[in-house]
Amino acid sequence: MAIQLASLISDNLKIFSLPSIFLRLDDAINDLRSSVTDIGNIISEDQGLTVRMLKLANSPLYGFPSKIETISKAVLIIGTKQIRDLTLATSMLQVFKGIPEDFITMETFWRHSIACGVIARIIAGYRREPNVETFFTAGILHDIGRLIMYTKMPSECRNMFSHIAKKPQLLFKVERESLGFNHTDVGGLLLKEWKLPKNLTEAVAYHHNPDKALQYPVETATIHVADILAHAMQLGSSGEKYIPPLSEEAWAKLSFQTSMLPFLFKQGLQHVDIAMQIILPPKK
Amino acid sequence: MKKPVKKDIQIQALQERLDHIEGAYKKLIDYVSELSASREFNKYVIDSTDPFNILNIGLTHIKRLLSFEELAFYLIEEKDASFYAACCEPESSSEKLGTEVNQCIEDGTFAWALRQNHPIVVPSKLSELKLILHVLGTQARTRGMFVGTIKDENLKINDLSVTMLSITVQDISYSLESVMLYQILRKNSEEALRQSHHKLGKAHSDLKAAKSQMLRQEKMASIGQLSAGIAHEIKNPLGIIVQGIDSLKDSLTDSLLADTSERIKKAALRAARIVNDLLSFARQSPIAPEKMDIVSIIEETLSLVEHQLNLNNIVIIRRFEEGTLSALVDSDQIKQVFINVLLNAADAMRQGGNIEIEAGTTVMPTGTPAVRISFSDNGCGIEPENIEKIFDPFFTTKRDSGGTGLGLAVSQRIIENHRGTITVDSRLGEGTKVLVTLPAPEQ
Amino acid sequence: MAIITTSKLMPGMVLKSAVNDITGRLLLGKGVEICEKHLTIFKSWGITEVDIEGDVEGDAVEEDIVIQVDEETVCKAREELQELFAFTDLNNSPVTKEIFRLSVELKIDRLSGV
């Protein structure tokens with residue numbers, strides 16, 4: 001099984017590769033000599049990215065009281081690390097273009113992923129995390145493994161779906177039963193190959209069993225909870241019909257009061273629509 | 001001609017790389033020294049218990065991170081949740097910064113910054129400077145806002161400066177949090193301390209009272225034990241003396257010798273009486289109370305002593321209430337008390353007089369039904385300074401006539417064992433009244 | 001009773017309910033009469049709506065729209081969601097219960113075309 005998983009990733013790294021603009025941004029931010037202007041310039045090279053960034057910066061997701069006209073101003077206000085993470089998050093759609101829509105439409109899949117990202121972001125903001133965009137990115141990436149599986153293992157996936165149609169089960173459990181691994185393993189391995197930071201990798205790899213996340217339990221707990229809420233709010237789907245069970249330990253780690261849930265629902269719905277508009281504009 | 005050009009390009013590239021590495025290295029040194037300075041800052045902040053001190057140190061440290069023109073910490077007024085400038089650098093700039101802050105509040109930037117957890121950079125509306133805002137707060141609670149103005153050219157906002165500023169402000173937030181908690185804790189514990197102080201004071205006086213009570217009882221107990229021991233020791237030689245005198249008396253012809261031996265005998269007998277009194281005082285005889293008619297006890301007592309009293313011209317006047325007056329008493333011991341009281345009364349009236357005995361029902365202060373018996377004489381009365389001592393063991397004004405001073409002490413003990421009361425009221429030259437109350441049996 | 005946006009708030013109005021910030025921290029208690037300073041405080045904290053005593057005229061009022069929902073819609077929403085929650089610990093977890101409740105409400109809104 002391990003061989004199958006490993007080859008699933010290694011065979012496909014050429015197809016699923018990180019956008020170069022993200023890699024350059026990451027370099028620039030890690031370079032001690034670069035300035036805000038340098039970073040702004042890199043983004044400006046990509047027209048589509050610039051437009052998306054500015055739309056986001058001016059949206060209720062940020063709720064900044066006045067208009068942000070330039071990318072440099074956006075970098076100042078939003079933060080350099082945050083801009084980098086946002087770049088990754090919004091570029092994912094380009095990375096996974098051309099996926100067959102036999103199992104799920106891309107719109108549905110991304111809606112669920114963006115919902116998870118948006119909700120995780122709200123939770124992180126409430127908890128005063130310094131970089132909420134990391135959570136946004138982790139949320140968008142959390143089910144990426146499924147996209148790879150649908151593309152590269154279609155017959156196995158078809159079997160799993162027919163199993164579930166006969167007898168209701170959680171898809172991620174059926175994945176593990178039939179293949180020996182599930183989409184979280186695939187996603188985690190991909191992010192590791194991409195050399196993304198460990199907090200992202202762990203959060204994706206353990207979002208269905210958050211108690212196993214040893215180094216980044218809070219990030220993982222956030223994605224775990226956000227995923228469940230995205231399901232409960234019926235915002236898109238990645239193929240899972242049923243709502244995954246909540247880990248009480250994970251919930252406890254967030255110190256998030258149950259009384260805040262209505263607010264989370266309300267703001268989550270609002271932000272998902274906006275983010276979808278900006279990141280994945282509807283086909284005309 | 002290609003070769004040398006290629007080499008030059010290679011050297012050029014290597015040189016650039018070297019410059020890059022050197023520059024980065026220098027920056028790293030800068031940052032490491034900044035980090036170690038932050039450790040110093042942390043040490044100060046951890047030890048501090050004064051919020052304003054923490055804020056002042058914080059401002060000093062932040063100035064070393066970035067070249068601010070003006071900077072300040074705003075805190076939240078508890079009663080109305082408004083923001084006020086808690087400390088400012090330089091002091092004179094508080095008004096100017098205040099204007100900037102008001103502008104931010106008006107256009108919503110302030111409220112927005114309150115919800116982020118990283119430094120926000122916005123252009124100032126009032127000058128060419130840039131304004132940096134950073135919320136001061138922990139996940140639990142927002143505590144205020146850091147505000148600073150900075151020239152554009154000094155704004156080296158790159159990754160590490162931002163992080164350092166954030167870390168410093170967050171450190172301050174956490175210190176404030178623990179200082180506030182410490183202050184709350186202290187306030188609560190001061191209040192608790194005051195209350196426990198009060199309780200302690202009361203407990204102390206209670207303890208003192210209990211202690212003196214205990215001492216008295218101990219004294220009594222040890223006196224009792226000592227008395228019993230001595231009494232037994234003395235009883236033997238006394239017996240021998242009395243017997244010896246009796247056997248001697250028959251052989252004595254001389255009148256002087258006869259008188260002397262008579263006096264020796266009397267003295268011995270008196271000593272024996274003292275010993276008996278001591279013994280009965282020492283004896284912790286448990287009482288065996290029964291329901292008794294108190295009048296009959298009084299009458300039995302009188303039958304024992306009335307004859308002797310009449311010899312001394314003492315008349316007994318009886319005033320008993322109608323009906324049976326029942327009390328829960330050990331009849332032997334109560335008789336002992338009554339005899340004692342009557343003899344005391346007789347002692348006070350050497351020339352003769354009246355003893356009025358009253359008996360009737362009453363109620364104890366606790367509400368239990370009881371029987372009262374009073375003995376009133378018209379004798380010489382008791383000196384005021386002696387009244388409070390009359391129940392003390394060994395207190396007597398009649399030592400010359402053989403008084404042991406134990407009579408009333410024993411009587412008091414017996415009455416207390418019965419859960420009754422005995423009190424004495426006296427007026428010099430007029431007489432003395434002894435009042436005894438005893439609990440009645442439950443119906 | 002009226003919920004109005006803070007932009008329309010004027011000194012003299014009286015708070016009908018307490019004003020809290022997003023984390024639940026009490027800012028101003030109920031029954032407080034609004035003065036100039038309070039307007040600044042609301043702006044500092046980003047409060048956008050407050051509940052004030054008495055009626056306010058005209059377009060300053062934004063009332064909550066109450067929609068009549070019929071039994072059938074409620075049942076349908078409940079059933080559908082109950083199925084989806086089949087693998088959760090709905091009976092023992094208070095958090096899950098609350099999530100369920102909110103998701104049912106959301107479904108009802110969607111089915112009613114809100």
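Colleague: Before we start, what should I know about the numbering and about the model?

Modeller: Residues are numbered from 1 along each chain as its sequence is written, and chains are lettered from A and ligands numbered from 1 in the order in which they are written. This is a predicted model, in which local features need pLDDT of at least 70 and side-chain atom pairs count only at pLDDT 80 or more, while totals for chains, interfaces and linings use all residues.

Colleague: How many helices and strands does chain A have?

Modeller: Chain A has 16 helices and zero strands. Helices (H or I, at least four residues) and strands (E, at least two) are DSSP runs, numbered from the N terminus.

Colleague: And what is the mean pLDDT of chain A?

Modeller: The mean is 89, and 98% of the residues of chain A reach 70 or more. The term pLDDT stands for the predictor's confidence in each residue, from 0 to 100.

Colleague: What share of chain A counts as buried?

Modeller: Of its 284 residues, 48% count as buried. A residue is buried if 20 or more other C-beta atoms lie within 10 Å of its own, exposed if 12 or fewer, and partly exposed in between, with C-beta atoms placed from the backbone.

Colleague: Take P19(A), then. Where does P19(A) lie?

Modeller: P19(A) lies in the loop between helix 1 and helix 2 (20-30) of chain A. P19(A) is partly exposed, because 17 other C-beta atoms lie within 10 Å.

Colleague: Which residues does P19(A) touch?

Modeller: Not counting residues up to four places away in sequence, P19(A) touches S91(A), Q94(A) and V95(A). Two residues are in contact if their C-beta atoms, placed from the backbone, lie within 7 Å. P19(A) and V95(A) are 76 residues apart along the chain, yet their C-alpha atoms are separated by 7.1 Å.

Colleague: Let us change topic to chain B. What is its secondary structure?

Modeller: Chain B comes to ten helices and twelve strands. Buried residues make up 29% of the 443 residues in chain B.

Colleague: Over how many bridges do strand 1 and strand 5 of chain B pair?

Modeller: Strand 1 (residues 68-76) and strand 5 (residues 142-150) of chain B pair over seven bridges in the antiparallel sense. In strand 5 of chain B, V147(B) is the bridge partner of A72(B).

Colleague: Which residues touch the most other members of the largest nonpolar core?

Modeller: That core has 142 residues, and I119(A), A120(A), L229(A), L133(B) and M145(B) touch the most other members. Helix 7 (residues 106-126) of chain A gives the most to this core, with twelve residues. A nonpolar core is a set of buried Ala, Val, Leu, Ile, Met, Phe, Trp, Tyr and Cys residues joined through C-beta atoms within 7 Å. Apart from it lies another core, of 38 residues, among them V329(B), F375(B), I422(B) and V436(B).

Colleague: Last topic: how many residues from chain A and from chain C does their contact take?

Modeller: The contact takes 15 residues from chain A and 15 residues from chain C. Helix 16 of chain A gives the largest share of the side of chain A that touches chain C, three residues.

Colleague: And between chain B and chain A?

Modeller: That contact takes 19 residues from chain B and 20 residues from chain A.

Technical notes. Pairing = 2+ DSSP bridges.
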